[in-house]
Amino acid sequence: MKGRNMTRWRDPAKDPRQEPKSNLITAEGAERLRGILDHLSRVKRPVLSTKVGEAAALGDRSENADYTYNKKELNRVIARIRYLTKRLDELTVVDRLPADTDKVYFGAFVTLEDEEGEQMRIRLVGHDETDTTKRWISVDAPLAKALLGRALDDEVTVAAPGGETTYVITEIAYRDPQA
């Protein structure tokens with residue numbers, strides 16, 4: 001058992017996992033998380049419980065790969081259900097537009113232009129909704145923090161791994177949550 005549950009020590013003051021995350025989520029993001037929780041609770045968990053029961057009925061569990069695999073998978077699903085239940089209770093659903101839609105706030109679609117003239121469109125969402133393929137970034141990300149409260153044609157400078165990058169806000173749009 002020596003070293004089984006050991007992890008590398010990290011200084012809590014410098015550990016990025018210790019940084020507080022905002023508890024904001026869009027209405028569609030909350031609905032997606034509820035759908036995942038519902039699927040895990042109503043479909044996946046009962047199926048795995050049945051498989052574990054059938055494998056356990058076969059006898060010796062120590063050499064039963066089917067039992068071992070399904071038991072681990074069931075434990076993983078139960079842990080995910082527990083996490084999602086707790087997380088959904090903590091989240092604040094943002095289901096309305098900001099008072100001033102001419103500035104960048106949570107849920108905004110922002111089009112940025114860099115110094116070379118290349119454009120990118122991003123959306124500021126909650127930590128649980130980030131998706132790099134859609135270019136949805138967390139409201140806690142450095143770029144998002146730099147954009148919050150800014151207006152059209154404002155310049156934003158962000159520290160990046162390759163050096164500082166300057167962007168100009170060329171478009172700000174919001175999707176109406178009631179629509």
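This is a predicted model: local features need pLDDT of at least 70, side-chain atom pairs count only at pLDDT 80 or more; totals for chains, interfaces and linings use all residues.
**Reading strands and a buried serine**

User: How do β6 and β7 pair, and how many residues lie between them?

Analyst: Look at the bridges, then at the link. Strand β6, residues 155-160, pairs with β7 in the antiparallel sense over six bridges. Two residues separate β6 from β7, and the two strands form a hairpin.

User: Which way do β3 and β7 run, and how many bridges join them?

Analyst: β3 (residues 109-113) and β7 (residues 163-173) run antiparallel and are joined by five bridges. For a pair to find on your screen, take L112, whose bridge partner in β7 is I169. As you look along a strand, here is the general idea: side chains in a regular strand alternate between the two faces of the sheet.

User: Is S22 buried or exposed?

Analyst: The idea is to compare relative accessibility with a cut-off: under 20% is buried. S22 has 17% relative accessibility, so S22 counts as buried. Leaving aside residues up to four places away in sequence, S22 touches R87, V139 and D140. As for its place in the chain, S22 lies in the segment before β1, which covers 24-26.

User: What does UniProt place at residues 24-93?

Analyst: An unreviewed UniProt entry gives the feature "domain: Transcription elongation factor GreA/GreB N-terminal" for residues 24-93. In the model, that span is 81% helix and 7% strand, and its end C-alpha atoms lie 6 Å apart.

Conventions. Residues are numbered from 1 along each chain as its sequence is written. Side-chain values use heavy atoms; hydrogens and water are left out. Helices (H or I, at least four residues) and strands (E, at least two) are DSSP runs, numbered from the N terminus. Buried means under 20% relative accessible area, exposed over 50%, partly exposed in between (1.4 Å probe, protein chains only). Contact means heavy atoms within 4.5 Å. UniProt positions are given in the numbering used here, feature names are shortened, and annotations may be inferred rather than shown by experiment. Two strands pair if DSSP finds at least two bridges between them.
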